[in-house]
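Open the structure in your viewer and keep the selection tool ready. The tour moves in short stops.

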Amino acid sequence: MAIDMNVHELLVIGDSDFLIHQVQGEWAVKNPKITPYVQYKQKLCKSYIDPLDIEVKEQPVHCSHVEAEPDGLPWYFDIKKYLETGTYLENATFNQKKSIRRMALIFL
């Protein structure tokens, strides 16, 4: 999928320390099922994969996944507009305005 989207840099996060060390070439690959993936990764990746330091935040973060918006605008459009102009869409309800204000607190 990343190749089809012409991605030039890709950050991969994993939770299997064993598999990550194998893919990075630090540990030997003994499982024949994993060998093709490691070989293909080596073909695609020409540089070292930097390890990622993970921080634990004191406050929770929220993530919403939206397939498509009915109005065709990106999911963050209302929040961005509120941050830029301090206004809402014309037909925004009281609850929608409240949600936008709350979500705008965590966006820069």
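Select Met1, Met5, Val7, Leu10 and Val12 and show their surface. In this predicted model, these residues make a nonpolar surface patch of about 590 Å². Leu10 sits in the segment before helix 1, which spans 17-23. Is Leu10 buried or exposed? Its relative accessible area is 59%. Exposed means over 50%, so Leu10 counts as exposed.

Zoom out to the whole chain. How many helices and strands are there? The protein chain has four helices and zero strands. Read from the N terminus, the order of elements is α-α-α-α. Of the 108 residues, 8% count as buried.

Next, select residues 77-85, helix 3, and residues 94-104, helix 4. Their axes are 9 Å apart and meet at an angle of about 75 degrees. Show the side chains where they touch. Helix 3 brings Asp78, Ile79, Tyr82 and Leu83 to the contact. Helix 4 brings Ile100, Arg101, Met103 and Ala104.

Last stop: Leu105. Leu105 lies in the segment after helix 4. With a relative accessible area of 72%, Leu105 is exposed. Draw a distance from its C-alpha atom to that of Leu83: the separation is 9.2 Å. Along the chain, Leu105 and Leu83 are 22 residues apart.

Terms used:
Residues numbered from 1 in each chain as written. Predicted model: local features only at pLDDT ≥ 70, side-chain atom pairs only at ≥ 80, totals over all residues. Heavy atoms only, no water. Patch = residues over 30% accessible without salt bridge, like charges linked within 9 Å, V, L, I, M, F, W, Y side chains within 5 Å. Areas by Shrake-Rupley, 256 points an atom, 1.4 Å probe, with all protein chains shown as cover. Salt bridge = Lys/Arg side-chain N within 4 Å of Asp/Glu carboxyl O. Helix = DSSP H or I, 4+ residues; strand = E, 2+ residues; numbered from the N terminus. Buried < 20%, exposed > 50% of the residue type's maximum accessible area, 1.4 Å probe, protein only. Axes fitted to C-alpha atoms, helices over the stretch in contact; angles between N-to-C directions. Contact = heavy atoms within 4.5 Å.
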